[in-house]
Amino acid sequence: LWGELFTIEHSRNPMALAEAWHNDVCERYDFASGRERLEIKTSSDRTRQHHFSHEQLHPADGVQCVIASMYVEPLTGGRSLGSLWDSVRDLVAASAGLRARVDEVCLAALGETWQESRLLAFDEQLARSSVAYFDVHDVPRLPQQLPDGISQVRLRVDLSSSSTVIAEVREMSP
């Protein structure tokens with residue numbers, strides 16, 4: 001959640017990205033708009049090894065999917081989840097419905113521990129300096145067609161071996 005809020009806050013168009021944000025934390029991608037998908041992955045061990053479902057690595061035909069990978073480490077005095085949450089709420093304040101949606105997504109993700117979770121703080125500079133974007137088609141993955149009888153495959157994928165890194169991601173269409 002910290003990485004998702006961080007991404008919204010640092011985007012060129014926070015309103016469009018917040019509109020594209022998932023309604024349900026169980027959705028396949030964190031952000032979806034039209035034919036574009038963005039999945040945020042965070043790592044606390046300074047590796048680009050992340051967990052994916054098989055389906056996340058195989059978007060529908062014609063869909064562009066980008067993976068954002070960043071390092072996040074707990075840091076006393078760092079940027080708190082609550083601070084990011086409040087900042088994103090302020091950035092979308094022009095839309096009462098969107099502001100309420102930000103709260104709904106955060107509360108759904110954090111559940112009953114939302115008040116304590118707001119205090120969790122991470123190294124914002126590390127996240128900013130480490131963020132990298134990968135085209136899903138350049139990420140190591142299994143073939144789309146799995147053998148009969150195999151489903152719900154989860155993978156830990158090392159993105160550092162991916163050859164294509166996208167230097168800049170254009171904003172998702174509203």
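Analyst: A nonpolar core is a set of buried Ala, Val, Leu, Ile, Met, Phe, Trp, Tyr and Cys residues joined through side-chain atoms within 4.5 Å. Buried means under 20% relative accessible area, exposed over 50%, and partly exposed in between, with a 1.4 Å probe and protein chains only. This model is predicted: local features need pLDDT of at least 70 and side-chain atom pairs pLDDT 80 or more, while totals for chains, interfaces and linings use all residues. Residues are numbered from 1 along each chain, and side-chain values use heavy atoms, without hydrogens and water.

User: Which residues have the most contacts inside the largest nonpolar core?

Analyst: They are Trp2, Leu5, Trp21 and Phe31, in a core of 27 residues. Among the elements giving two or more residues to this core are α1 (2-9), β2 (36-43) and α4 (96-110); helices (H or I, at least four residues) and strands (E, at least two) are DSSP runs numbered from the N terminus. Helix α4 gives the most, five residues. A second, separate core has 14 residues, including Leu57 and Val139.

User: How many salt bridges does a search of the whole structure find?

Analyst: Side chains of opposite charge can pair when their charged atoms come close. The criterion is a side-chain nitrogen of Lys or Arg within 4 Å of a carboxyl oxygen of Asp or Glu. The search finds eight. One of them joins Arg79 and Glu9 (2.7 Å, N to O). Arg79 lies in strand β5 and Glu9 in helix α1, so this pair ties together parts 70 residues apart in sequence.

User: Which residues are linked with Arg79 in a network of salt bridges?

Analyst: The network links Arg79 with Glu9, Glu124 and Arg128. Between Arg79 and Glu124 the closest N and O atoms are 3.0 Å apart.
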